[in-house]
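Subject: Structure handover, with notes on pockets and helix packing

Hello,

Here is the structure you were to receive. Please read the notes below alongside it.

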Amino acid sequence: MDRKPFIPDKLPPKNIHWQNLIPLIGKAHAAIARYDGLLQSLINPAVLLSPLTTNEAVLSSRIEGTQASLEEVLEMEAGLEKEKPESIKQDIQEIINYRKALLTAEDELKHRDISLSFIKQIHAILLNSVRGQHKNPGEFRNDQNWIGRPGTPIEKARFIPPNPMIIQEYMEDLERFIHSNFIDALVQLAIVHAQFEIIHPFKDGNGRIGRLLIPLFLYAKKLLSRPMFYMSEYLETYRQEYYDHLLFITESDDWQGWIEFFLTAVVHQSKTNIEKAKKILELYEQLKPAFIQITHSQFAIPLLDAFFQKPILDSTTALKLANIKNRVTGNALLKKLENDNKVVLLMQGKGRRPSIYVLPRLINIVEGKDIFTLR
C-alpha cells in the first residue's frame, strides 16, 4: 500500500462544535484560575515548586520512553555514586535538559513572544549532548520521518508526518495562530499542541517540545502568572488515549474529540497540581518553625529553601544555596537537622567528598506515593 505523508489543514479547524464544548471550557478555565490563585499566593513558587518542575521533566520524558525516576535524577545531580546503566544516565541527562529548556524559556518569555526561533532555541537546549544531539538540534527536519514501533517500515507506520518541504509553511501558520486572538485560549492551546505534534517539525524531541509549549502558552496568554502548569502526569497516565486522539485528528478530522480530551486533562491536572502544591506548602510551613527551633540560626530558612529547591543535595550545595560562608557552621547545622530527623543522611562525606542529604517527605509528595526508600 502506498503511504503518503499527511497534509494538515491550515488553522483554525473548521469543525468545532462550540455549543458542546461550553461546559468543559467553563470547568477548565475555573480550574486554571484556581491553580493560578494558589501560584500567586506562594511567596516563592520557583523554590517551593521546583521539585514539581523536575517531576514534569521526568514524566514528559517518560512518555517518550525514558526509564529514569525523579529519585534517580535528584541523586545523580547530588553526586550520589551509584552504579547505573549508561541508558539511565542518558535518560537523566535528557530530563535535566528538559528542565533547563523550560526554565530558559520562562526567562526568554519575559522579553519576547513565542516564535519559531524561540521554539528552535529551546529544542537546541533539549537535545544538547544527549541521544538526539546528531539529529539537527534547533533545526526543522529536512527528511521524511514516520511514527511506529522501533524498526517499523514506513509502509506500516502508525502515522507519517508532513513532507519536510512544507514544514516551514505550516509552522509559520502555527505561529500566526498562536499570536491570534482566538475565541477561547484553552481551546486554542489544545489546537496548538495537536498541530505541533502533527507537523512533527523536528527529527527528535517533538513530543517534549509540544508539552513544553503548554505552560509557556498559558503564561504568554496571561492565564498563568508563572509557566508552571504541568500536564505530563495526566498524559502519561492516559498515554494511549492521548496518542489515539491525536491520530483521530489525522484519520477522521476529529478535532472535537481531541479538544474534549485536552480540556478534561486540564481540569484533572489542575486539581492534582493544586493538591500537590498545597501539600508542599503545608510541609514547608510545618518545617519552617522546626528548622528555626533546631538550628537557632539566621540560616534556618535559607537551608529549608535549599532542600525545597533540591530535595536531595550535597552539603556543599546546601551551604552555597543558603549563602553560608563558614563550612564548619553549615555542616554543624545540617548535623542538627539530621539528628532531629528533619533531613536524612544518604551518604557520609569523606575527605573532600561532601555528605549527601535528602528530604524524603517532599519527594513522596511530588511522586504522589511513598516512593522514597533508603537503600
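Which helices each supply at least two residues of the lining of the largest cavity? They are helix 3 and helix 12 (255–295). Before the rest, two remarks on the basis of these notes. This is a predicted model, in which local features need pLDDT of at least 70 and side-chain atom pairs count only at pLDDT 80 or more, while totals for chains, interfaces and linings use all residues. Residues are numbered from 1 along each chain as its sequence is written, and side-chain values use heavy atoms, with hydrogens and water left out.

The cavity

On a 1 Å grid over the protein atoms alone, a cavity is a set of points where a 1.4 Å probe fits but cannot get out; a pocket is an open set with protein on both sides within 12 Å along at least five of seven lines; lining residues have an atom within 4 Å of a point. Grid points are joined across faces, edges and corners, and a volume is the space filled by probe spheres set on the points. Helices are DSSP runs (H or I, at least four residues), numbered from the N terminus.

By this rule there is one cavity of 30 Å³ or more. The largest cavity holds about 90 Å³ of space, and its lining consists of Leu52, Asn55, Glu56, Leu59, Tyr230, Glu233, Gln269, Asn273 and Lys276. Helix 3 gives the most to this lining, with four residues. By class there are three nonpolar, three polar and three charged residues, where Ala, Val, Leu, Ile, Met, Phe, Trp, Tyr, Cys and Pro count as nonpolar, Asp, Glu, Lys and Arg as charged, and the others, Gly among them, as polar.

The largest pocket has a volume of about 1,300 Å³. Its lining has 37 residues, of which Glu64, Ile147, Gly148, His200 and Tyr243 lie nearest the centre. Two or more lining residues come from each of helix 5 (86–108), helix 8 (185–199), helix 9 (206–220) and helix 11 (239–252). Helix 11 has the largest share, seven residues. The lining divides into ten nonpolar, 13 polar and 14 charged residues.

The second largest pocket contains about 320 Å³ of space. It is lined by 18 residues, and Ala46, Ser50, Thr53, Arg99 and Leu103 lie nearest its centre. Helix 3 (50–63) and helix 5 each supply at least two of the lining residues, with helix 5 giving the most, five residues. Seven of the lining residues are nonpolar, four polar and seven charged.

Helix packing

Axes are lines fitted to C-alpha atoms, for helices over the stretch in contact, and angles run from 0 to 180 degrees between N-to-C directions. Angles under 35 degrees count as roughly parallel, over 145 as roughly antiparallel, 65 to 115 as roughly perpendicular and the rest as oblique. Contact means heavy atoms within 4.5 Å.

Helix 7 (residues 167–179) packs with helix 8 at about 170°, their axes 11 Å apart, which means that helix 7 is roughly antiparallel to helix 8. Helix 7 makes the contact through Ile167, Tyr170, Met171, Leu174, Phe177 and Ile178, and helix 8 through Gln188, Ile191, Val192, Gln195, Phe196 and Ile199. This contact has ten nonpolar, two polar and no charged residues.

Helix 6 (residues 116–126) and helix 9 pack at an angle of about 125°, also with their axes 11 Å apart, so helix 6 is oblique to helix 9.

Regards
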